[in-house]
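Thanks, everyone. Please look at the structure on the screen while I talk.

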Amino acid sequence: MTSPQKFLPYGRQSIDADDVAAVARALQSDYLTTGPGVGRFEQAFAEAVGARYAVASNSGTAALHLACIAIGLAPGDAVIVPTLTFLATANAARFCGAEVIFADVDPESGRLTAAHLEAALARAGSTAKSARVKAVLPVHLNGHCADMVAIRALTEARGLRVIEDACHALGGRHRAGNDSMAPVGACALSDLACFSLHPVKTMTTGEGGVTTTNDAEQYRLMQLYRSHGMSRDPATFRHADLAFGPDGQPNPWYYEMQALGWNYRITDFACALGESQLGKLPGFIARRRELAAHYDRQLTPLAPVLKTVPGQAGDDPALHLYAVLIDFAAIGKSRAQVMAELKALGIGTMVHYLPVHQQPYYRERYGRQDLPGADSYYARQLSIPLYPDMTEADVTRVVDGLRRCLG
Ligand SMILES: *Cc1c(COP(=O)(O)O)cnc(C)c1O
């Protein structure tokens, strides 16, 4: 009888005793939310990625929405979003009333290239309900950065803003010029960068997100909109009759709503977990790279039926997901069949992602669109297990499972 093998999910968090102790300490402190832990985490995060400012929020989706608010995105504006991404990249722009122009992506990497961005810009007039393009949201799919040098050159020439969806890429570095590298999040070639701290990402706070920027005004706006558009800073008060007593002192109960904001606040105990995890991020990334190198080596002989996804030349990626592209027609099995067979072997897989332009909400808004690069990537894509607590034997088990399954 074979002993049951532990199930390997496609991704999962790594939590140790230090993390648990950090959260327990926060829970026993005076503040469960918006205490000193939030600012401390934000400062540590900004330092870790080399940005001037970081705003923590309660999801990657909130982080993207706050970034869109920070550039003043509004009805009448459009943004360019690669269609091969999670829903939230596009939705963040829609929350601001802006229209989304979906760009196609490279069929082998799934990423936005300068050529695909140019093609989307050329189509913009006819597809965006006459909205004017204001920004581009490149996505660092799987942790591999989009070609930021080429994208920045294009956007600078046209006066477009750049918001990085870096939800897959925390802990990586990308090429920032001829001889220079920049950490993802430093905004070396963008206006803002957005991160998710969901448990499958490269570090976690449970639910959580962070937006980074080097711009003081964007930082102020994101803090304001994160908490109801509400200010408690007397220096910013606009209505003196309500704000100040006869002695000219600010009324102690007073706060002022200056804009229509949200409650995107993160808790102190989530930030305590974040601060603890941040210290381990370099180790997590190093481990992910080691495991990915084992996959690279062991999967090469499975070509051409199975191909790995190429990175961006010169980058040090963070490797959130390990994606493979499988020729399902060639093996005579559907993707659902392959997923079921792997699951029976204790191997979890997932598909990242159905191109967003195919989602009913967007099809109904913009009509059917032909983005063949994204459709080709999607048709072949499968994410296989990758997370720091995996062993090399786990990697070999996954590869053996794939080999059996692909025949
Ligand atoms: C996870 C993710 C998001 C959203 O993050 P949440 O924290 O789940 O809200 C956005 N974009 C991409 C590419 C993601 O992977």
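Start at K201: an N or O atom in its side chain sits 2.9 Å from an oxygen atom of the ligand. That is a polar contact, meaning a pair of N or O atoms within 3.5 Å; within protein, one must be able to donate a hydrogen and the other to accept it, and residues adjacent in sequence count only if both atoms are side-chain atoms. On its own the ligand exposes 380 Å², and the protein buries 92% of that. Those areas are Shrake-Rupley values with a 1.4 Å probe; for residues, only the protein chains shown count as cover.

A word on the source. This is a predicted model, where local features need pLDDT of at least 70 and side-chain atom pairs count only at pLDDT 80 or more, while totals for chains, interfaces and linings use all residues. Residues are numbered from 1 along each chain as its sequence is written, and side-chain values use heavy atoms, with hydrogens and water left out.

Back to the ligand. D165 uses a polar side-chain atom, 2.8 Å from a ligand nitrogen.

Now the whole shell. How many residues surround the ligand? There are 15, and the closest are G60, T61, H168, S196 and K201. A residue is near if one of its heavy atoms lies within 4 Å. By class, the shell has five nonpolar, eight polar and two charged residues. Here Ala, Val, Leu, Ile, Met, Phe, Trp, Tyr, Cys and Pro count as nonpolar, Asp, Glu, Lys and Arg as charged, and the others, Gly among them, as polar.

Which helix gives the largest share of the shell? Helix 3 does, with three residues. Helix 3 (60–70) and helix 4 (87–95) each supply at least two. Helices (H or I, at least four residues) and strands (E, at least two) are DSSP runs, numbered from the N terminus.

Zoom out. The chain has 14 helices and 14 strands. Its C-alpha trace spans about 85 × 55 × 45 Å along the principal axes.

Next, H116, in helix 5 (residues 114–127). Its side chain makes a polar contact with the side chain of T113 at 2.7 Å. The H116 side chain also reaches the backbone oxygen of V105, at 3.5 Å.

Last, some backbone details. A cis peptide bond joins A303 and P304, with omega about 0°. P304 is in the loop between helix 9 (268–299) and strand 12 (306–308). Another cis peptide bond, omega again about 0°, joins H352 and Y353. Y353 lies in the loop between helix 11 (335–344) and helix 12 (360–366). Then there is H228, with a phi near 65°, a positive value in a residue other than glycine. H228 sits in the loop between helix 7 (216–226) and strand 10 (230–231).
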